[in-house]
Structures are given as structure tokens and as C-alpha cells.
Amino acid sequence: MAKKYIDVMDTTFRDGFQSVFGGRVLMDDFFPAVEAAKNAGINHFEFGGGARFQSLYFYLQEDAFDMMDGFREIVGPDANLQVLSRGINTVMLDTGSREMIDLFAKMFAKHGTTTVRNFDALNDVNNLAFSAEAIKKHGMSHEAVVTMMDLPPGCKGAHDVAFYEKTLRNILDSGIAFDSICFKDASGTANPHKVYETIAMARKLLGDSVHLRLHTHETAGVSVAAYLAALEAGANGIDMAASPVSGGTSQPDILTMLHATKGTNYNLGDLKLDKILKYEERLKECLAEYMIPPEATQVSPLIPFSPMPGGALTANTQMMRDSGDLEKFDEVIAAMKEVVERGGYGTSVTPVSQFYWQQAYANVMFGPWKQIAPGYGRMVLGYFGKTPVEADKEIMELAAQKLKLDPTTENPLDIADRDETKSIAHWTKVLEEEGLEASDENIFIAGACDQKGIAFLKGEGPLMVRKGKNNCSGDSEMAGNYTVVVDGKQYSVQVAEGEGDIQIAPATAAAPAAAAAPAGPAGAGSIEINSQTPGNVWKILKNPGDTVAEGDIIMILEAMKMEIDIAAPQAGKIASINVNVNDTVADAQLLATME
């Protein structure tokens with residue numbers, strides 16, 4: 001009797017890269033490994049979308065559409081190339097308008113996409129309908145998703161089998177066209193027993209003809225057991241990655257799953273051990289210069305208490321490294337339980353996972369609920385759709401007060417359609433004013449990435465790739481010249497191995513990680529306004545000489561993808577602004593003075 005064929009999607013080049021490197025891997029570095037994967041017999045890849053769209057423009061100064069074209073050229077016309085899309089967000093930073101969602105589908109179909117895995121973090125099925133229509137309109141397969149996780153211990157109200165059955169029935173009743181169904185657990189916290197019961201429920205509802213998949217991560221240490229449970233319950237497909245971007249925050253390793261299914265009635269994609277070994281060896285060579293954070297390769301027993309998706313964990317820890325507050329990581333993880341519970345139990349997957357993280361980070365850095373992260377606040381107020389259960393009323397009131405927004409039940413797409421900045425006409429005008437071609441690709445890049453997209457198109461974006469000897473292995477060579485900031489003052493430090501002589505002197509120029517020269521004289525006013533967290537200056541709203549009332553916003557910092565308002569502590573006049581837009585600032589650094 002022939003073994004049951006299980007479709008294997010290789011997530012190495014999308015979710016694997018996102019989970020381990022925050023998406024920051026250059027195409028010329030990994031394309032030889034794509035060729036090796038093809039030679040190993042793999043013909044289903046996740047090759048783009050999700051956070052791997054913005055990361056190319058933000059950090060790599062590469063065009064995601066060029067990358068997709070190159071990938072398709074390597075694997076040939078018959079491979080199934082899949083992308084990840086966030087329903088009404090698609091791959092954009094915020095809810096898209098209907099015309100931008102349609103442009104997403106048009107562009108991704110044009111540049112080689114076969115299948116779109118389409119999810120909504122709130123499991124609000126209304127958020128899948130229009131994007132599904134656009135995906136099918138432009139000739140791609142639509143994989144509709146139910147998002148999963150286990151709730152933190154002691155929490156109840158959603159994310160049990162009955163909740164997933166209700167969500168799946170809503171998809172079926174809505175008339176949304178789909179070609180396959182995926183249950184997606186970005187945090188890897190859904191316990192194997194619940195996975196079995198959920199997949200068995202779905203198989204019974206869908207019948208035998210519908211392709212049914214499970215996607216999970218190894219972050220919590222139960223992914224292999226979850227996959228085996230899903231296969232036993234009737235799943236047709238699972239997702240895996242190749243070493244060195246497998247396990248830990250990523251998907252289980254292909255070799256691991258081949259081993260785990262020995263002696264079973266499952267044929268994992270006709271894959272052979274010897275060919276996969278060669279592929280993984282080639283991938284390891286391609287990624288040899290990249291810094292692999294230690295947390296990317298580890299199982300974390302804390303994750304079921306948070307939960308934190310694998311694809312977001314390393315991106316957040318790397319931002320904390322850059323900000324110099326990584327020691328706060330465990331505190332932020334611990335703070336997530338309350339944030340998840342009071343936020344209405346949206347699934348911890350992008351963008352909701354980032355909302356949870358931002359709010360937990362704010363609660364740790366500034367005190368519990370002293371600030372409301374804008375995304376989290378808008379979520380609990382209904383601006384991204386309906387949360388699985390109603391958010392805590394006290395938090396909703398606080399969000400409404402802080403963000404100056406009323407709760408809403410309006411369709412988020414209708415809200416987006418009224419926003420001029422989410423229109424094709426707006427971004428066409430911006431491109432023309434910048435002297436850039438208003439092609440469909442450029443319009444979507446600008447609309448999806450905002451000013452960072454414009455900076456990429458103008459060739460002004462920074463290259464931010466973590467390669468070379470600067471790694472976290474503990475045996476890196478540290479000798480060299482460094483610029484450090486102590487109490488707001490810069491010093492040039494020479495580090496020598498052994499007992500070498502060390503010279504310290506005031507720095508003659510600012511390092512990239514330090515603040516640039518102040519825009520006004522330091523200490524010009526008697527009232528000093530200091531940063532409460534490391535971050536970057538995003539916007540400056542007031543100028544020296546401006547009169548402000550208590551609570552007026554002087555500038556906005558960006559930290560952990562969160563906007564942090566810097567407000568006037570009392571009424572008065574701005575005496576000096578001591579930083580510039582795009583400056584990196586340290587904790588407690590002087591930002592402005594008043595008199």
C-alpha cells in the first residue's frame with residue numbers, strides 16, 4: 001500500500017530568514033541555496049511576503065519584486081511559490097485601501113507568486129473577504145487561514161477547538177473562495193492534543209477533497225509533536241525549514257521531520273535524506289557570514305506564557321540589542337500575558353503580536369498602562385476589526401483617551417478608503433514630486449513602506465546587514481576601535497586583546513549609533529526634557545520659540561516599531577531642540593529644553 005503523500009513547503013527563504021535574521025539576508029547570498037533546494041527535489045517554497053517584504057527595503061536596499069523574479073527564474077515555471085499576506089494589511093504596515101489591496105494582488109501575481117496564504121490575526125473572517133477576491137481575480141491560489149495559539153495559563157475565552165470550528169464555519173458560510181485551508185500557529189504554542197482535535201474537526205467539516213495544512217514554529221518545543229498530531233488527524237501538508245535556519249524560532253528541520261516519520265505511513269514530499277543533506281550544507285555555506293542570535297536556535301519554555309511568535313522574537317531581541325536594553329527581554333515577555341488577556345485574545349501573529357509586544361514593552365519601560373501603543377490602542381477600539389472577545393473596558397477607555405479616538409465597529413476597509421494617504425493617486429503624486437517613476441511597482445513600494453520606501457527608491461536608504469565577525473557566539477574578536485556614549489558624552493575607545501595598552505579620548509566624530517549634533521544649544525532652557533527609552537527621532541513637531549501647553553507633543557520617537565510621544569511637562573516656551581530627525585538617542589538623553 002502506497003504511503004500517504006504529504007506536501008512539504010520549504011519556509012527557509014521567508015519564515016526561516018524572518019525567524020532567525022529578522023528577514024535580513026541578501027538575495028545574491030542565498031540564491032545558490034535555492035538552486036540546491038531545487039536539486040534536492042523541493043518544488044514548494046515560501047518565497048516572500050509577510051515581513052520579508054519590508055525588510056528588503058528597510059534594511060537590505062533590495063527590491064522584493066526583483067528578488068521574487070530571480071527566485072522564479074531559478075526554480076522554474078512549475079514550482080509552487082507561496083507568499084504570506086495579512087488579509088486587509090496584505091504586506092503593508094497598516095490596513096490597506098481596497099485599491100491598494102488589489103494592487104498587491106496584481107503585483108505579486110506579476111512577479112511569480114502561485115499561492116497566497118491569507119490570514120487575519122483577529123480571526124475576523126470579514127477581513128479576509130476582499131483580499132481573497134483580489135487574489136483569485138489575479139489568478140493566484142488562495143489559502144485561507146485560521147490562526148492558532150494557546151492562551152497564557154489561567155486565561156479563558158477563545159482559542160479552543162470550539163472557537164476554531166466557529167471561525168472555520170464562518171469562512172465556509174461567507175462564500176469566500178479558497179483553494180486550501182491552513183491552521184497557522186506563529187508562536188508554536190498550540191498543544192499537540194488541541195492540534196489533533198482541531199485538524200480532525202476541520203477534516204470532518206471540509207471532507208476529504210480539501211487540502212488541509214498546519215504551520216507552526218519550534219519556539220515552545222512542541223512543533224514536531226504538533227505536526228505528527230496533525231498528520232494523524234488528516235492534514236495533507238506541513239511546513240519545514242532547512243538548517244541553519246530551522247528549529248528554535250523557526251520551523252522544524254526537514255531532516256528532523258524525515259526522521260520523525262520513519263516507519264509511518266507518510267511520504268514527506270518524496271524527499272531523500274542524502275539530497276537534503278547536500279542542500280543544507282550549501283545553505284550553511286551561503287549563510288556562514290551572517291550573525292545568528294543565540295535565541296534563534298533555542299526552545300524557550302517562557303513562550304507559552306507570552307506568547308511570542310518565532311518570526312517576531314528575534315526581530316524584537318535584535319532591536320533591543322540595538323537599543324541597549326536586551327536585559328529587559330524577560331520582563332517584557334512576562335508582561336505580555338496581561339496585555340494579551342486585556343486586549344481581547346487576538347492571535348499573537350503579525351500585526352497583533354507586535355501590538356502585544358509594543359504594549360508590554362511600554363508597560364515595562366514606562367510603567368503599567370502609562371502609555372498606550374498606537375497599534376494596540378486602535379486594535380482594542382475596533383479599528384482592525386472585531387477581536388475574538390471584547391477587550392477590557394478600562395483599557396478601551398484609556399486607549400480612547402490617549403489616542404483621542406472613539407470605539408468603532410465600522411469595516412476597516414471603509415475607513416482606509418477614506419484615507420487619502422492610502423490611495424494610488426496620493427502615492428502617484430508623491431513619486432512624481434520626488435522625481436521618481438510612478439510605475440505600479442513603485443506605487444506599491446511607496447504605499448507599503450511609506451517614507452522608507454521613498455528613501456529606497458531614491459537610493460538613500462541605509463544598508464543594515466548583520467554579517468562578519470560581529471556575532472553572539474561568545475568567541476568573536478573584539479579588538480578594534482569603538483565609539484561609546486557615557487552620560488551623553490562620546491568617547492573613542494581602543495580595545496586590545498590580552499594586556500595591550502588601551503587609549504581613551506573624546507570622540508572626534510559621532511558614531512552611527514550615537515545622536516547627531518544637537519539642533520539647538522544644550523541646556524538653553526531651565527526645564528530639561530529627556531528620553532525615557534533608547535530610540536530614534538521620528539518627527540519633530542515644535543521649534544525653538546514655540547509656545548506650548550502642558551501635554552502638547554514636542555516630538556515623536558520610534559522604539560521597537562512603536563511611536564513614543566514626547567510631551568511638554570508644563571506650559572511654556574520651547575527654548576531648544578537638542579536632537580535632529582533620524583538621530584539615535586540613548587536612555588535619559590536630553591531631547592529639548594523649555595523656559
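Biologist: Where is the place of Gln-82?
Modeller: In this predicted model, Gln-82 belongs to strand S3, which covers residues 80-85.

Biologist: Is Gln-82 buried or exposed?
Modeller: Gln-82 is buried, because its relative accessibility of 1% falls under the 20% cut-off.

Biologist: And which side chain does the side chain of Gln-82 make a polar contact with?
Modeller: That partner is the side chain of His-44, at 2.9 Å. Gln-82 also touches residues beyond four places away in sequence, including Phe-45, Thr-115, Arg-117 and Glu-143.

Biologist: What do the side chains of Glu-143 and Arg-117 form?
Modeller: They form a salt bridge, with 2.6 Å from N to O. Glu-143 is in strand S5 (residues 141-147) and Arg-117 is in strand S4 (residues 115-118), so the pair ties together parts 26 residues apart in sequence. Glu-143 is buried at 2% relative accessible area, and Arg-117 is buried at 1%.

Biologist: Which residues are linked in a network of salt bridges?
Modeller: The network links Asp-7, Arg-117, Glu-143, Arg-213 and Asp-239.

Biologist: How many salt bridges does the count come to?
Modeller: The count is 26. One of these joins Glu-410 and Arg-418, at 2.6 Å from N to O. Here Glu-410 is partly exposed at 29%, whereas Arg-418 is exposed at 56%.

Biologist: Which strand is joined to S18 by 3 bridges?
Modeller: That is strand S20 (residues 590-594), which runs antiparallel to S18. Within this pairing, Ile-574 stands opposite Met-594.

Conventions: Residues are numbered from 1 along each chain as its sequence is written. This is a predicted model: local features need pLDDT of at least 70, side-chain atom pairs count only at pLDDT 80 or more; totals for chains, interfaces and linings use all residues. Side-chain values use heavy atoms; hydrogens and water are left out. Two strands pair if DSSP finds at least two bridges between them. Helices (H or I, at least four residues) and strands (E, at least two) are DSSP runs, numbered from the N terminus. Buried means under 20% relative accessible area, exposed over 50%, partly exposed in between (1.4 Å probe, protein chains only). A polar contact is a pair of N or O atoms within 3.5 Å; within protein, one must be able to donate a hydrogen and the other to accept it, and residues adjacent in sequence count only if both atoms are side-chain atoms. Contact means heavy atoms within 4.5 Å. A salt bridge is a side-chain nitrogen of Lys or Arg within 4 Å of a carboxyl oxygen of Asp or Glu.
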